[in-house]
Amino acid sequence: QDPFATTKTAQNVLDQNGKGIELELNWKPLPQLHIAGSYARQDAEDANTGKPIADAPGQQFKVNANWEFASKWYLNSQLNWVADRERASVDDRSDIADYTLLNFTLHRKSLFNNLDFSIALRNATDEDAREPSSGTIRDDYPLESRSYWMGITYNFQ
């Protein structure tokens, strides 16, 4: 949001200088196992002030494994690490904490005809993960704590 605008319109309000790298890996060591991962690192700053860009992760790592352990049965795990976010220079709150989220999903395709079923455990370690706010929410935006999900999907064919 532009802090100088009279409306809450999202728009680009500054020029940035940045550099970074992103690496991605997709690997299928077995026909039933697919592993994907990525790592990103960035350093971005305001082109006019030289100060770091607020709230953007300096580093991020993701890995996802999907395993078909029996016919039509899949176990998926996902790890997401977010780190090195800085506050705006005018924000006097403490640093934004890094976090790691770990999720698991058990999925059954074609449980009955065109019906799929899944159960999931999200944020398995119950990490107190937060996304930065502009300061209007003092403790930032809390992400989902440990939770359990169930899904049913019907495929019309």
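F69 is placed in strand β3, which spans residues 59-70, where strands (E, at least two residues) and helices (H or I, at least four) are DSSP runs numbered from the N terminus. The structure is a predicted model, in which local features need pLDDT of at least 70 and side-chain atom pairs count only at pLDDT 80 or more, whereas totals for chains, interfaces and linings use all residues. Residues are numbered from 1 along each chain as its sequence is written, and side-chain values use heavy atoms, with hydrogens and water left out.

**Aromatic rings and the surface around F69**

With a relative accessible area of 37%, F69 is partly exposed; on this scale buried means under 20% relative accessible area, exposed means over 50%, and partly exposed lies in between, for a 1.4 Å probe and protein chains only. Rings of Phe, Tyr and Trp (its six-membered ring) are taken to pair if their centres lie within 6.5 Å, and planes under 30 degrees apart count as stacked, over 60 as edge-to-face and the rest as tilted. By this rule there are three aromatic pairs. In one of them, F69 and W73 make a tilted pair, with 6.3 Å from centre to centre and 40° between the planes; W73, at a relative accessible area of 29%, is partly exposed.

Together with L75, the residues W67 and F69 form a nonpolar patch on the surface, with about 270 Å² of accessible area together. Such patches are made of residues with over 30% relative accessible area and no salt bridge, like charges being joined within 9 Å and nonpolar side chains (Val, Leu, Ile, Met, Phe, Trp, Tyr) within 5 Å; accessible areas come from the Shrake-Rupley method with a 1.4 Å probe, and for residues only the protein chains shown count as cover.

A further contact with a ring involves a charge: R122 lies over the face of W149, at 4.3 Å from the ring centre. A charge is said to sit over a ring if NZ of Lys or CZ of Arg is within 6 Å of the ring centre and within 35 degrees of the ring normal.

**Strand pairing**

Two strands pair if DSSP finds at least two bridges between them.

| Strands | Sense | Bridges |
|---|---|---|
| β4 and β5 | antiparallel | 10 bridges |
| β5 (residues 99-112) and β6 (residues 115-122) | antiparallel | six bridges |
| β6 and β9 (residues 147-154) | antiparallel | eight bridges |

W81 stands opposite T100 in β5; in β6, F117 stands opposite R108 and L121 stands opposite F104.

**Salt bridges**

Side chains of opposite charge can pair when their charged atoms come close. A salt bridge is counted here as a side-chain nitrogen of Lys or Arg within 4 Å of a carboxyl oxygen of Asp or Glu, and the structure holds six of them. D140 and R87 form one, with their closest N and O atoms 2.7 Å apart. D140 lies in the loop between β7 (130-131) and β8 (141-142), and R87 in the loop between β4 (73-83) and β5, so the pair ties together parts that are 53 residues apart in sequence. D140 and R87 are both buried.

D140 also meets R93 in a salt bridge of 3.0 Å, N to O. This pair links distant parts of the chain, 47 residues apart, with R93 in the loop between β4 and β5, and R93, like D140, is buried. Elsewhere, R130 forms a salt bridge with D128, the closest N and O atoms being 3.2 Å apart; R130 is partly exposed at 27% relative accessibility, and D128 is exposed at 56%. Salt bridges that share partners join R87, D91, R93 and D140 into one network.
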